[in-house]
Amino acid sequence: MTLKFYNTMTRKKEAFKPLRKGLVRIYSCGPTVYDYAHIGNFRAYMAADLVRRYLKYKGFRVKQVMNITDVDDKTIKGSRKEGIPLAEFTKKYEKAFFEDIDTLNIERVEKYPKATRHIKVMLALVKTLLRKGYAYKARDGVYYSISKFRDYGKLARLEKAQLKAGARVKQDLYDKEHARDFALWKLWDKEDGDVFWVEQFGKEKVKGRPGWHIECSAMSMKYLGKTFDIHTGGIDLIFPHHQNEIAQSEGATGKQFVRYWLHNEHLVIGGEKMSKSLGNFCTLRQLVDKKEKRPPKISHQLGDILDNEHESMVIRYLLLATHYRQKLNLTGTGLKHAKHALDRLREFVANARKGRDGKGVEALVKKAKADFEKSMDDDLNIPEALSVIFEFVRKANRLGAGKKALEQMLDFDKVLGLKLSKAIEWKTPEQAEPGIRKLILKREKLRKDKKFKESDKIRAGLRKKGIVLEDTKKGTGWKRIG
Ligand code: AMP
Ligand code: ZN
């Protein structure tokens, strides 16, 4: 079977073939570093990670670029509020972003260009668009004239009539020609403080900064070329962001910008999109560490979830297991299922390490591999691929799982990224050295007496020594990590 992706541009599943044989060039819209990313944002980065991992699994080389937006209204506002330079402010959140993607075992992409380091490329693009008549100068900046771009609205499937509705309204605030015209370059105003770049437009030298859309056009084409294979992002970016990227890039180059547009659906909570503006969000840190401060406004669903500490690979599993084009509802039950599923995979790996492949395992491995690829080739149908894996686990357990079964599972894990190779068996307290055993048993007793504060303290102490605990019906298990 050939690999197919659902292309938002055509609203169809299409066979995937990169422009250059063997190499796939991908651009993924990245974070604006003004705060910690919320878990919904990580759904988008996880989707991009799955695309990347599966292409690599299929034998492609991947060159992937993700932008870091370190200048915009929000970053400027944040740095001014804290009274520190913009670069110092954004550095903190950029660092947090990389820590978070490592926590989720999201692979680092080849390049993370920062907007503030690419002002020259952006300006060159703005000037090309002015020269070609796609852009015009207004009182407060340079704007893109959407009526000049014939295919404007094609990606978002906007009717021409919809776009015309706001035509030719001179807005006081922006002084632009069309309500949907967007800023390529914004002239300085006092809200920008000391954040500006000086540039010559015509006769004048003026202070200003780039618009958000131009950043992605300029940086993607700089590193990936005028035409590249895949562009990813959440569905909320289809319009206007990606539509504007197309208008800018294709207006400037006259060439097709992106060949396959892949968009992930949202992570929702209680049916609503998780977002900063609605206040119904939590960060990865809040999920993995109970001590992290809770968000100020909190729904009861979120409250229940944050009452527990969740292991990072359980969160990865949860974000991974729903098809990227389907909504994912974040619930406590969903997290429990994810944990249970992950435990089964880990148990399988731990047992297969000690076991022997039974008769028929070789054929089973072959079939599981073929079925897994068939599912993933179909626009990354991960729910189906996971059910193939669990069927494999069930049958291999029955036949006897050893080296061959283990190798296959670890091969699947190149795509899943659940760190299954680290899975080792849980040990009983009796198998621990006396000092550790005493602590484990003491904690068990405290838990029975419902003295959770004290029992949590022991758990945290053991974790510092590299020992993690797992409470099961059979009692407490432990293992050494790291
Ligand atoms: P932003 O920082 O808002 O530009 O978002 C960064 C990425 O996260 C974009 O690809 C968004 O589409 C995506 N995103 C934002 N909110 C969600 C959500 N609730 N679920 C899935 N993806 C999201
Ligand atoms: Zn972008």
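In this predicted model, the shell of residues around ligand 1 divides into five nonpolar, seven polar and four charged members. Of the 16 residues around the ligand, those that come nearest are G40, G234, D236, L267 and M274. The largest share of the shell, five residues, is contributed by helix α1, and α1 (39–57) and strand β10 (228–234) each supply at least two residues of the shell.

Polar atoms of the protein approach ligand 1 at the positions listed below, with backbone atoms involved at G40 and at M274, and a side-chain atom at N41.

| Residue | Protein atom | Ligand 1 atom | Distance |
|---|---|---|---|
| G40 | backbone N or O | nitrogen | 3.1 Å |
| N41 | polar side-chain atom | oxygen | 3.1 Å |
| M274 | backbone N or O | nitrogen | 2.9 Å |

On its own, ligand 1 has 480 Å² of accessible area, and the protein covers 89% of that area.

The model also contains an open sheet of five strands, which are arranged in the order β5-β6-β7-β9-β8 with antiparallel pairing. Strands β5 (135–138) and β8 (197–201) stand at the edges and have a single partner strand each, so one side of each is left without a neighbour in the sheet. From one strand to the next, the twist averages 40 degrees.

Within this sheet, strand β7 (residues 182–187) runs antiparallel to strand β9 (residues 204–210), and the two are joined by three bridges. Along this pair, W185 stands opposite P210 in β9.

Terms used:
Residues are numbered from 1 along each chain as its sequence is written. Chains are lettered from A and ligands numbered from 1 in the order in which they are written. This is a predicted model: local features need pLDDT of at least 70, side-chain atom pairs count only at pLDDT 80 or more; totals for chains, interfaces and linings use all residues. Side-chain values use heavy atoms; hydrogens and water are left out. Two strands pair if DSSP finds at least two bridges between them. Helices (H or I, at least four residues) and strands (E, at least two) are DSSP runs, numbered from the N terminus. Axes are lines fitted to C-alpha atoms, for helices over the stretch in contact, and angles run from 0 to 180 degrees between N-to-C directions. A residue is near a molecule or strand if one of its heavy atoms lies within 4 Å of it. A polar contact is a pair of N or O atoms within 3.5 Å; within protein, one must be able to donate a hydrogen and the other to accept it, and residues adjacent in sequence count only if both atoms are side-chain atoms. Accessible areas come from the Shrake-Rupley method with a 1.4 Å probe; for residues, only the protein chains shown count as cover. Ala, Val, Leu, Ile, Met, Phe, Trp, Tyr, Cys and Pro count as nonpolar, Asp, Glu, Lys and Arg as charged, and the others, Gly among them, as polar.
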